[in-house]
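Welcome, and thanks for taking a look at this one with us. Below is a short briefing to read alongside the structure.

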Amino acid sequence: AASKPDKKTQLPLHLALGCNAGPEVVEALLLAYPDAAGKPDENDWLPLHHAAANHTGSEVVTALLQAYPAAASTPDATGQLPLNYALKIQTRLKVVALLLLACPAAASEIDEHRHLPLHYALENKAEPEVVEALLQVYPAAAST
């Protein structure tokens, strides 16, 4: 059942992350179908995109990155990386730090709106530590 998508090509893991499932649920789903971490839905969202866009904690993000490290550098259908979603919707330093560690280049990616991740952090009133982490990885963002 963990490998069966719905009509929108969402696997149970996508759905669970959309409902902000906890680490125990995510780990059980990954154990049942480890490849789910690398499977996109109809919008090319990987489970990590869902996690980043739904205030998911660092334990879940860690489990997803361990299962499919390339997810941090995989854009969705609109060219957005998981880091952008994390900064648009949440500003938890632990999650941002995990995403930056997995894909430091994400800090310098300009999206279709000509935004850097730093722009999203500032627009969403990120904590100073989040801004500092982004600037540490990509200092040129301050002048872009």
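**A loop residue to start from**

Ile-110 sits in the loop between helix 6 and helix 7. Please keep in mind that this is a predicted model.

**Ile-110 and its surroundings**

- With a relative accessibility of 41%, Ile-110 falls in the partly exposed class, because that class lies between the 20% and 50% cut-offs.
- Leaving aside residues up to four places away in sequence, Ile-110 touches His-115 and Leu-116.
- Gln-80 is 30 residues from Ile-110 along the chain, and the C-alpha atoms of the two are separated by 9.2 Å.

**Helix 5 against helix 6**

- Helix 5 covers residues 82–89 and helix 6 covers residues 93–102; their axes come within 10 Å and cross at roughly 165°.
- An angle over 145 degrees counts as roughly antiparallel, so helix 5 and helix 6 are roughly antiparallel to each other.
- The crossing of these two helices, helix 5 and helix 6, is left-handed.
- On the helix 5 side, the contact is made by Pro-82, Leu-83, Ala-86 and Leu-87, while helix 6 brings in Val-95, Val-96, Leu-99 and Leu-100.

**Helix 6 against helix 8**

- Helix 6 also packs with helix 8: the axes of the two come within 9 Å and cross at roughly 10°.
- Angles under 35 degrees count as roughly parallel, which means that helix 6 is roughly parallel to helix 8.
- Helix 6 and helix 8 pass each other in a right-handed crossing.
- Here Leu-93, Val-96 and Leu-100 of helix 6 meet Glu-129, Val-130, Ala-133, Leu-134 and Val-137 of helix 8.
- By class, this contact of helix 6 with helix 8 holds seven nonpolar residues, no polar ones and one charged residue.
- Val-96 and Leu-100 of helix 6 take part in the contact with helix 5 and also in the contact with helix 8.

**Another residue of helix 6**

- Leu-101 lies in helix 6 as well.
- Is Leu-101 buried or exposed? Its relative accessible area is 71%, so Leu-101 counts as exposed, the cut-off being over 50%.
- Leu-101 and Ala-16 are 85 residues apart in sequence, and their C-alpha atoms are 25 Å apart in space.

- Asp-44 is not a glycine, yet it has a positive phi of about 60°.
- This residue, Asp-44, belongs to the loop between helix 2 (23–32) and helix 3 (47–52), and is partly exposed at a relative accessible area of 37%.
- Lys-125, also a residue other than glycine, has a positive phi near 55°.
- Where is Lys-125 placed? It is in the loop between helix 7 (117–123) and helix 8 (128–137).
- Lys-125 is exposed, with a relative accessible area of 74%.

**Cysteines**

- A disulfide is a covalent bond between the sulfur atoms of two cysteines. This structure holds zero disulfides.
- Cys-19 counts as exposed at 66% relative accessibility, whereas Cys-103 is buried with a relative accessible area of 9%.

Methods. Residues numbered from 1 in each chain as written. Predicted model: local features only at pLDDT ≥ 70, side-chain atom pairs only at ≥ 80, totals over all residues. Heavy atoms only, no water. Axes fitted to C-alpha atoms, helices over the stretch in contact; angles between N-to-C directions. Helix = DSSP H or I, 4+ residues; strand = E, 2+ residues; numbered from the N terminus. Parallel < 35°, antiparallel > 145°, perpendicular 65-115°, else oblique. Left-handed = near helix turned anticlockwise from the far one by under 90°. Contact = heavy atoms within 4.5 Å. Disulfide = S-S within 2.5 Å. Buried < 20%, exposed > 50% of the residue type's maximum accessible area, 1.4 Å probe, protein only. Nonpolar A, V, L, I, M, F, W, Y, C, P; charged D, E, K, R; others polar.
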